[in-house]
Amino acid sequence: MPLPRSMPARRTWRVVHASLAASVLRAAPAHAQPTDDLLPDVIVAQDLLGEIRIDLLSLPGGRLLRFPTSTPNVGQGRLEIRGSTVLSPNRQEVVQRIYRLDGTFWDRAAGTSTYHPAHAHIHFDDWAHYRLLASLPNGEAGDVVAFGSKTSFCLLDLVAYDVLLPGAGPPSYGTCGRAVQGISPGWADVYDRELFGQWIDITGLADGRYWLEVEVDPEDRVLEGVGGEMNNVARIQIELGPSPTASPDAFEPNDSQLEVEGRDPGGTNSPHLGLVLGRLELGGLSMEDPTDYFRFSLDREASPGAHLRIESAYLGSDLDLFLFDVTRNTFIDFSNSGGNFEQISLAGLPAGEYYALVTQYSGENPGYRLVIDSAANTPPQLDVIEPGAGRVWVERAFETLSVEWIATDPEADPVSVALFLDRDQVLDKASLAVGGYQNLAGESGQAMLNTAGLDLGTWFLFARATDGGGQSGAWAPGAFVLYVKGDLDADGELGPSDWHALQRHQNACRGKRLGATLEGWPFIMDMDRDGDVDRRDFRLFHAAVFDATHRDGPAGH
């Protein structure tokens, strides 16, 4: 069987240590408020910060440090931002609405926002600041050496962060708009690393160890309770530069079946592992060459949940996993996603001898783990409910996609869910692992998918559930289609070509109901979002096309 081709690559960062900052590095102002106010408490979720990528393409001649940011609300009340006094065509004041125990509310000034007329969104100014700090010899954080700031596209309920939090419930903020946006208790807004502005410019910065620090609400514009401003910062320590060089591990040589067959079964550091009873974990493995073989045997039929897995934190490489039957010398199964978590089910395999083959698709990997688990762990059961059957039309960057699932585990183990998107409903290296949606709480049963960073067109959604041992997956019953209002030629932008597309469509519809021959017409041309297409929509379409032809500058989340 031919092996995947090797593609040279290297990873340009690695997480060294993570540590949640205990407090904001300045005194928080004292806020006196009634005890019956239900206040939000916004934090930075630390676990997502490690999903870092070095971008050498977006800034010609430069280097950007890209990373995702998640800002959960762990308070008792909603964080709700509302548009207020218009200061200029693209700028307005905003207020924070504070809800109270008796059902009443009050508003307070919360700064300003920038309005994007093409998207009809308010952008909450300076929602987060990003800093890269020097790492001192004692490991503490030093001075700021690079800085970035994020203006929010809008605040949304995207991911269930803590479903057991008092006040947590269904999402309340799922649509961007000029009037209202926010984050409900127990929910988090997520900014994927690929979105515009989600970076720190590190051009010219020397390789070495640094602290990456993210602070939400750095100007203290939001009134918060419980932790207040004292828990608005998270840090992780990173290292810029090439990955450590992969060196041969203790199980070498194991580059071929012949080499493995010559080793003692079950011997010390022998890739001829012998009989596997229960669970076997091998850490400290490295991939400095194209292939690693491991031989193992089962003395009985593998039970439900039994599996073979590799995993690694070094995301700059891409490892794949294959399974062979030694006795019959036949290929059984493989796993070859675009990362370093690969798993193959062993359930139902008869007693016998098998080969696990780890291959290097791209990049050396200085550290990975192999797990062989033949124990009776039943994998979780997963059903995806939404998006439902048919096609759901979703306005990109304005609407979120509701994703719902039911995840249960026979042994009542905790279950995590990861979301993937694909164009042809086939999981392969072209499938997109959705950033910020890879470790969702299975019991939450729902998430709101941020559509701002996705390409237009039809997508299929796949969910994968794992209890730490077995895993299962399921496709959503239907597909969803991302579109932009007025974008009749589906190129992602409004302009003269859309006006010409409308004229061609009108000519093609002579004698027919306008829109009958264009899929998605009721959604794409409903410019005022009132549920129908009428003369007002055509006037708005003309104005938007004219405005787009005279507008410069990128649109971000």
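**Rings and charges**

Modeller: Happy to! Let me start with Phe523, which counts as partly exposed at 35% relative accessibility. Please keep in mind that this is a predicted model.

Phe523 has a ring partner, Trp393, and the two form a stacked aromatic pair, with 5.6 Å from centre to centre and 10° between the planes. Where do Trp393 and Phe523 lie? Trp393 belongs to strand β28 (residues 391-395) and Phe523 to helix α3 (residues 521-524), so this pair ties together parts that are 130 residues apart in sequence. While Phe523 is partly exposed, Trp393 is buried, because its relative accessible area of 16% falls under the 20% cut-off.

Counting ring pairs over the structure gives 18 aromatic pairs. Another of them joins Phe322 and Phe331: the ring centres are 6.5 Å apart and the planes meet at 55°, so this pair is tilted. An angle under 30 degrees would have made a pair stacked, and one over 60 edge-to-face. Of these two residues, Phe322 is buried at a relative accessible area of 5%, whereas Phe331 is partly exposed at 35%. Both also take part in a cluster, in which ring pairs link Phe322, Phe324, Phe331 and Phe334.

Rings also meet charges here. The charged end of Arg423 is placed over the ring of Trp459, at 3.7 Å from the ring centre. In a second case, Arg529 lies over the face of Phe398, and here the distance to the ring centre is 3.9 Å.

How many salt bridges does the structure hold? The count is 26 salt bridges. One of them is between Asp36 and Arg100, whose closest N and O atoms are 2.9 Å apart. Asp36 sits in the loop between β1 (13-19) and β2 (37-38), and Arg100 in strand β7 (residues 91-100), so the bridge ties together parts that are 64 residues apart in sequence. Asp36 is partly exposed, with 22% relative accessibility, and Arg100 is partly exposed as well, with 24%.

Asp299 is partly exposed, with a relative accessible area of 39%. Arg300 counts as exposed, because its 57% relative accessibility is over the 50% cut-off.

Finally, some salt bridges share partners. Which residues do they join? Arg279, Glu281, Arg309, Glu311, Arg369 and Asp373 are joined into one network in this way.

Definitions and conventions: Residues are numbered from 1 along each chain as its sequence is written. This is a predicted model: local features need pLDDT of at least 70, side-chain atom pairs count only at pLDDT 80 or more; totals for chains, interfaces and linings use all residues. Side-chain values use heavy atoms; hydrogens and water are left out. Rings of Phe, Tyr and Trp (its six-membered ring) pair if their centres lie within 6.5 Å; planes under 30 degrees apart count as stacked, over 60 as edge-to-face and the rest as tilted. Buried means under 20% relative accessible area, exposed over 50%, partly exposed in between (1.4 Å probe, protein chains only). Helices (H or I, at least four residues) and strands (E, at least two) are DSSP runs, numbered from the N terminus. A charge sits over a ring if NZ of Lys or CZ of Arg is within 6 Å of the ring centre and within 35 degrees of the ring normal. A salt bridge is a side-chain nitrogen of Lys or Arg within 4 Å of a carboxyl oxygen of Asp or Glu.
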